[in-house]
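Student: I've got a model open and I'd like to talk through its side-chain contacts. Can we go through them one question at a time?

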Amino acid sequence: MAYVIAVSNQKGGVAKTTTCMSLGACLAEQGKQVLLVDMDPQSNLTMAAGLDPDELENTLSDLLLGEGDSAKAVHELKMPGLFLLPADIRLAGLDAELRSLHHEGYESRLLQVLAHWIKQYDYVLLDCPPSLGAMTLMALTAADLVMIPVQCEFYAARGLMRLMDIITAIKMRTNPPLTYHLLVTLYDKRNRISREVLAQLQENFEGHLFETKIEMDTRLRESPLVGEPVILYAPRSRSSGQYRQVAQELMALG
């Protein structure tokens, strides 16, 4: 059975998509079968994999609607063992429809879609949109673990508390075993604020914080431009080593 990880933070620009791609590739490098699922209407994960969302016949949107061909929806990426279920802009309309009509039980719809692959993969990573809408609620309902990329900046704590409230509600309503871990990203150890916020996170989230921090790295920003995970694009870069360490920590969790 796959270990399902929702990579989520309603704040944009904290490296959710980069973490999904990089961590998925590192797990595949360890011989794991990994499925990445793009749940963001902006389709950044899909484009980072070198795919054009406007040219795809089958995406997550089709499967959530009960349409499309599951067998044709998943794409094998350049990294052996790494696969992608892509997204397109229609997810935005679907998110709004589910929230406005209050479809009963919609939170479990993604779980039903993933049931097609849950035994085929070791890990499923869900790249959530920067919001707490229907897509994120479905992802949290389907997940074993919420991985929360967080940047060490002044406003980080406020956004985290809102997400913590949602995680608590999901645990009470649809997914009692759900747990979470924070991953510090875009870390700049030269910055005093970064160091102070990190100390606060270590104090407030003891036992729920990955030891490895992902530091600033130009190579990491360049890798989506060539449609490759950073461990293929720059295998000896600092960020490649750090994401490999996170993969080891993750495998120890589940």
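This is a predicted model: local features need pLDDT of at least 70, side-chain atom pairs count only at pLDDT 80 or more; totals for chains, interfaces and linings use all residues.

Student: How many aromatic pairs does the count come to?

Tutor: Ring centres have to lie within 6.5 Å to pair. By that rule the count comes to three aromatic pairs.

Student: Take Phe 83 and Tyr 121: what kind of aromatic pair do they form?

Tutor: Their centres are 5.6 Å apart, with 70 degrees between the planes. Planes over 60 degrees apart fall in one class, so Phe 83 and Tyr 121 are edge-to-face.

Student: Where in the chain do Phe 83 and Tyr 121 sit, and how many residues apart are they?

Tutor: Phe 83 belongs to strand β4, residues 82-85, whereas Tyr 121 is in the loop between α6 (109-114) and β5 (123-127). The pair therefore links distant parts of the chain, under the strand and helix runs assigned by DSSP. The separation is 38 residues.

Student: Are Phe 83 and Tyr 121 buried or exposed?

Tutor: The cut-off to keep in mind is 20% relative accessible area, with buried residues under it. Both Phe 83 and Tyr 121 are buried.

Student: Why does the pair of Tyr 180 and Phe 205 get its class, and which class is it?

Tutor: The ring centres of Tyr 180 and Phe 205 are 6.4 Å apart. Their planes are at 85 degrees, so the pair is edge-to-face.

Student: Which parts of the chain does the pair of Tyr 180 and Phe 205 link?

Tutor: Tyr 180 and Phe 205 are 25 residues apart, and the pair links distant parts of the chain. Tyr 180 is buried, and so is Phe 205. As for location, Tyr 180 is in strand β7 (residues 179-185) and Phe 205 is in the loop between α9 (192-204) and α10 (218-222).

Student: Which residue lies over the face of Tyr 187?

Tutor: For a Lys, NZ has to be within 6 Å of the ring centre. Here the distance from the ring centre is 5.7 Å, and the residue is Lys 213.

Student: On to charges: which residues join Asp 62 in a salt-bridge network?

Tutor: Start with the side chains of Arg 90 and Asp 88, which meet in a salt bridge at 2.8 Å, N to O. Arg 90 is partly exposed at 38% relative accessible area, while Asp 88 is buried at 6%. Salt bridges that share partners then join Asp 62 into one network with Asp 88 and Arg 90.

Student: About how many helical turns separate Glu 222 and Arg 219?

Tutor: Their side chains meet in a salt bridge at 3.5 Å, N to O. Glu 222 counts as partly exposed at 26%, and Arg 219 is partly exposed at 42%. Because the two are three residues apart in helix α10, they are separated by about one helical turn.

Student: Last one: which residues touch the most other members of the largest nonpolar core?

Tutor: That core has 55 residues, and its largest share, seven residues, comes from helix α7 (residues 134-142). The ones touching the most other members are Leu 126 and Leu 201.

Methods: Residues are numbered from 1 along each chain as its sequence is written. Side-chain values use heavy atoms; hydrogens and water are left out. A nonpolar core is a set of buried Ala, Val, Leu, Ile, Met, Phe, Trp, Tyr and Cys residues joined through side-chain atoms within 4.5 Å. Buried means under 20% relative accessible area, exposed over 50%, partly exposed in between (1.4 Å probe, protein chains only). Helices (H or I, at least four residues) and strands (E, at least two) are DSSP runs, numbered from the N terminus. Rings of Phe, Tyr and Trp (its six-membered ring) pair if their centres lie within 6.5 Å; planes under 30 degrees apart count as stacked, over 60 as edge-to-face and the rest as tilted. A charge sits over a ring if NZ of Lys or CZ of Arg is within 6 Å of the ring centre and within 35 degrees of the ring normal. A salt bridge is a side-chain nitrogen of Lys or Arg within 4 Å of a carboxyl oxygen of Asp or Glu.
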